[in-house]
Amino acid sequence: MDTYSVDVVYQAINALFQGNNPKEQEKANKWLQEFQKSIYSWTIADELLHQKRDLHANYFAAQTMRNKIQNSFSELPPHTHESLRDSLITHIGQIDEQTDNVIVTQLSLAVADLALLMATWQEPISDLLKALAPHPAAIWPLLEVLKVLPEEIDSRFLRLGANRREQVHKQLDASAECVLEFLCMCVQREDLDQQRIWNATLRTYSAWLVIHAFPLSHICDNALSQLAFRLLSQPAETNGKLHDNATECVCALLSCMGSRSGSVDMEPQVARIFEAVCQLESAYHLSVAHEDTDKTINYCGIFTTLCDAFSFDMLEQQQALKGLDLVLLCVGHFDYEVAEITFHLWYKLSEDLFQRYDDKLTARFRPHIERLISALYRHAQMESDHDGLIEENNNFYDFRRKVSDLLKDVAFIVGSNACFKQMYIILQAPNTTWESTEAALFVMQNVAKNILPEENEVIPKVVEAILGMTDQTHIAVRYTSIMLIGELCDWIENHSDLLEAVLNFLLYALQQKNGLASAAAIALTSICSACRQKMVCHISGLVEIARSLDSFQINNDVAIGLLKGISLILTKLPREQVQPALREIVSFQLQPLAQLLESNQCQLEKGERSDPVYWIDRACAIIRHTNPDVPDNVEHPTVAILNDAWPLISQVLERYQSDLRIMERTCRLIRYAVRMVRKQAVLLVEPLIKQIVVLYARQHHSCFLYVGSILVDEFAKTTECISGLLEMLQAFIEPTFGLLQLENGLRNNPDTVDDFFRLASRYLDCCPLQLLQSSLITPIFQCALIACSLDHREANSSVMKFFINLLTWGRSSNHRHVECRPLVVELASQHGGALVMNLIQASVFQLHSYMLADVAEVLTELKHVVTNAQMEPFLAHALDALPKKNSGGYVTATQQQLEEFSSTVLR
């Protein structure tokens, strides 16, 4: 093609990187992207690399070459693979110290990816070492290639397959000794920049350690491991980058040790590494003394990785606990960012202890957790000169949130009561500062939920002190105290004599304008949830709170939470009192919504009173959580309210139909309302279906499909509703299929796929015979066949669930709707081959591994519907269609593997 030539590509590169006209730059960028997709980019990129005209052209060429190998390797005929390899090695060999690092990385990745894809390249490591190692200038790029090669093995873009990965691992294992010898030789060379060579070599060594390529006997005492520990033992003399790489190396080394867990006593080499890490304690103290936080963080990472790797040994052997002492040393560091590095370890330890459920073992770790909690208490303290509350979304706020999660996880090891008492002792100390008080209350807040409601020693004193706080108390102390009261809701429910005082305390705080209102609302929500029956006598006050909600300084999410709490109390009212109170509270939300519609206000401010969602979400929370115990033959208190509200809801649907967010929230309101009153919503079914069908055809919002599935769930078992519900499905099908048949229709509309097949599954659950007898089932099945390949978790799960639900009715064990069986058998016989073909193709080429369990379930159900005589050719045809060799020439699946798979499926 004449438009693609070296000179034209140069012009486009210059226009993109050196032009001043944004439109021309955009045009050049699009042209270059199309060029990269063309077959001509292989040779032109190669030529650009040879010419080396400028940095931008070199970078573009290197990136193009890497992308082509990664994504379009099948374009090249096999006989060109060797010349491509030789050309790339030549380019690598021409790299010098002036070559930009980005270009080196791209070319190294290109060579590594080619080595992984090209099966005829039998000994890539050996060939690269022979070609490049003798040349000092080529050492740097060679080390980079050796580093990225093991890292690329699991690249999702390359999709090597299990057979090829296993083959590559064997190649790397066979070359490991040569690579280790080369790396050890590199660090001892004196003709190269020592710092640079050490950095590069350690990074490469780490990459090979990660894949466990070296035998244990080769990694403990070699020159590289010794270098890493030597560098780490001298923090003052080791620069930051080298320290980072030595840290990475030791962490990779420890991971190798961890894979041989349980071997501290048995393996002297492992014990030596363990001891070598423990000896870094003095280096850690030096880094702290020099206030070199980056290096301190590195040591903390090493100690944490040590415990992570030897977690089994810590649970089994006393001496392995030395690692935990080192981690606690780091947790005690003055900078909370150092402590935060260790958090995942404590989560893991608490999970292990919880799973083992061994009191004696748990007791062994109790002193360590006590020290951890004490350190977390110190880290959680605010600065003494801090005036207000902690601002959300700053680093310290995020840290305290993580501390909160960790405290809840580890509290059981020491006991929540013991932890609460430990903090109470701090509160009792003379001259306790406000920040110490607040931090102690913060720790209490996070363990309070697990304290037994019968506790009468400490909590009454704490609650009494909180209720007696004055406005002069620091606002952060008051805020945390209020949050603690909320967490003590179960205890308060058991001590109802305090309920009145607690409510007065929270109501006073709710009316404050200093930031306390939010905490008071959250606490009040918890009290409502825990003390439902005992709060019934306060319903009039709660209704007034709902009326005055917008006078409080709280955001809408907190307001919605408070309405949820009030609604839980409504549920406990005598039946005749529920509807008046519910109608009143709902009206507080629907009246402003109606005014919004009448005002014709065009400007919506998201999350503000002018946003319909603001009111819809509040109404939804009330409807969802007001769930009184009403017999089927008695009208639900929500029915009349829902029927009265329908005209307003219908107006919202019509007015804001183009706004997906408003439609989703309105559909959510409809969902909970219908779910609450169930078949008593029958009067709304016809008008609702008419409206959502029209709106869906116009706007394609998948939330309308979801509402449809709720209606099917509730009304499809009522015979007179089935024909109308099938008409609804037919009306949904045309716009759905039209949308999904567009280019990339499935990929661009996963929510539609998810909700449509959820809807189809509901029909199969509730009225299977009517759907299977209709003309709709075949096109739905055919659409599902195409949607098999969609690699979206929820959407694909819905498609597979549809197949499973459908095929279940074809089982011989189906006695509930026996008329369905022949219909399903006929469908499976006609389309079973296509189903197996699409499932196998999707599993190999499109789907993530976590999706394959659903595919297996579909195949299992199909096997129960069709005969083995039918299933065998279905499977054989699908397996025959798979490529037996990759474009790189390696075997993707052996005949034996295919036969084993086939026999497993048919078994």
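**Pockets, a helix pair and a buried glutamate**

Helix 4 (55–71), helix 9 (162–187), helix 45 (820–845), helix 46 (852–865) and helix 48 (895–906) each contribute at least two residues to the lining of the largest pocket, helices here being DSSP runs of H or I with at least four residues, numbered from the N terminus. The model is predicted, so that local features need pLDDT of at least 70 and side-chain atom pairs count only at pLDDT 80 or more, whereas totals for chains, interfaces and linings use all residues. Residues are numbered from 1 along each chain as its sequence is written, and side-chain values use heavy atoms, with hydrogens and water left out.

Helix 46 gives the most to the lining of the largest pocket, namely six residues. A pocket is an open set of points on a 1 Å grid over the protein atoms alone, where a 1.4 Å probe fits, with protein on both sides within 12 Å along at least five of seven lines, and lining residues have an atom within 4 Å of a point. The largest pocket holds about 1,400 Å³ of space, a volume being the space filled by probe spheres set on the grid points, which are joined across faces, edges and corners. Its lining comprises 47 residues, of which Gly161, Ala162, Ser843, Val844 and Phe845 lie nearest the centre. By class, this lining has 24 nonpolar, 16 polar and seven charged residues, where Ala, Val, Leu, Ile, Met, Phe, Trp, Tyr, Cys and Pro count as nonpolar, Asp, Glu, Lys and Arg as charged, and the others, Gly among them, as polar.

The second largest pocket has a volume of about 620 Å³ and is lined by 24 residues, with Tyr397, Phe442, Gln445, Tyr479 and Met483 nearest its centre. Two or more lining residues come from each of helix 22 (395–414), helix 24 (434–447), helix 26 (475–487) and helix 29 (516–530). The lining of the second largest pocket divides into 10 nonpolar, seven polar and seven charged residues.

Elsewhere, Val250, Leu253, Leu254 and Met257 in helix 13 meet Val270, Ile273 and Val277 in helix 14, contact meaning heavy atoms within 4.5 Å. The residues of this contact are seven nonpolar, no polar and no charged.

Glu714 lies in helix 38 (residues 703–715). Glu714 counts as buried because its relative accessibility is 1%, the term denoting under 20% relative accessible area with a 1.4 Å probe and protein chains only. Leaving aside neighbours within four places in sequence, Glu714 is in contact with Val674, Arg675, Arg678 and Lys679.

Methods. Buried < 20%, exposed > 50% of the residue type's maximum accessible area, 1.4 Å probe, protein only.
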